[in-house]
Amino acid sequence: GNLRVLGTLKKEDAQESWDEYHPEGTNFWSDDAPISLRHHPYNRCDVLECVSCKRKFLHYTEYGGYYLDERVRELNKKYVV
């Protein structure tokens, strides 16, 4: 389906932070990792919505030197802290 941008969690004047939030020992790739909007990568995400099913997603672009890695995670309020 098509995704449209609803907004962004990026703050232009915010101090850059690369700290992640994993108090229960999860990692970036864990399905049950917390979504802390103050921590990386969520503090650099755009919020997208599927135009057909209305589900919301967080989109983050990882810049890794010689490549771009587009990462998308469903915005599940169960994991937002």
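1. Tyr42 counts as buried, at 6% relative accessibility. Here buried means under 20% relative accessible area, exposed means over 50%, and partly exposed lies in between, with a 1.4 Å probe and protein chains only. Tyr42 sits in the loop between β1 and β2. Strands (E, at least two residues) and helices (H or I, at least four) are DSSP runs, numbered from the N terminus. Between Tyr42 and Leu58 there are 7.4 Å in space, C-alpha to C-alpha, and the two are 16 residues apart in sequence.

2. A word on the basis. This is a predicted model, in which local features need pLDDT of at least 70 and side-chain atom pairs count only at pLDDT 80 or more, while totals for chains, interfaces and linings use all residues. Residues are numbered from 1 along each chain as its sequence is written, and side-chain values use heavy atoms, with hydrogens and water left out.

3. Most residues other than glycine have a negative phi, and most peptide bonds are trans. The peptide bond from His40 to Pro41 is cis, with omega near 0°. Pro41 is found in the loop between β1 and β2. Lys54 is not a glycine, yet has a positive phi of about 70°. Lys54 belongs to the loop between β2 and β3. Its relative accessible area is 44%, so Lys54 is partly exposed.

4. Now the sheet. Four strands form an open sheet in the order β1-β2-β3-β4, with antiparallel pairing. Two strands pair if DSSP finds at least two bridges between them. β1 and β4 (68-74) are the edge strands, and each has a single partner strand, so one side of each is left without a neighbour in the sheet. From one strand to the next, the twist averages 35°. Axes for such angles are lines fitted to C-alpha atoms, for helices over the stretch in contact, and the angles run from 0 to 180 degrees between N-to-C directions.

5. The β3-β4 pairing can be followed residue by residue. Strand β3 (residues 56-63) pairs with β4 in the antiparallel sense over seven bridges. Thr61 has Glu70 in β4 as its bridge partner. Phe57 stands opposite Glu74 in β4. The two strands β3 and β4 form a hairpin with four residues between them, and Gly65 in the turn has a positive phi of about 80°.

6. How many salt bridges does the rule give? The count comes to six. The rule asks for a side-chain nitrogen of Lys or Arg within 4 Å of a carboxyl oxygen of Asp or Glu. Lys10 forms a salt bridge with Asp46, with the closest N and O atoms 3.7 Å apart. This pair links distant parts of the chain: Lys10 is in the loop between β1 (3-8) and β2 (46-50), Asp46 is in strand β2, and the two are 36 residues apart. Lys10 is partly exposed at 38% relative accessibility, whereas Asp46 is buried at 18%.

7. Arg71 counts as buried at 16% relative accessibility, and Asp69 as partly exposed at 26%. Salt bridges that share partners also join Arg4, Glu49 and Lys56 into one network.

8. The cysteines deserve a look. The whole structure has zero disulfides, a disulfide being a pair of cysteine sulfur atoms within 2.5 Å. Cys50 is buried, with a relative accessible area of 7%. Cys53 is partly exposed, at 40% relative accessibility.

9. Last, the aromatic rings. The structure holds one aromatic pair. The ring centres of Phe28 and Trp29 are 5.1 Å apart and the planes are at 85°, so the pair is edge-to-face. Rings of Phe, Tyr and Trp (its six-membered ring) pair if their centres lie within 6.5 Å; planes under 30 degrees apart are stacked, over 60 edge-to-face, and the rest tilted. Trp29 is exposed, with a relative accessible area of 59%. Elsewhere, Arg44 lies over the face of Trp18, 4.8 Å from the ring centre. Such a charge counts if NZ of Lys or CZ of Arg is within 6 Å of the ring centre and within 35 degrees of the ring normal.
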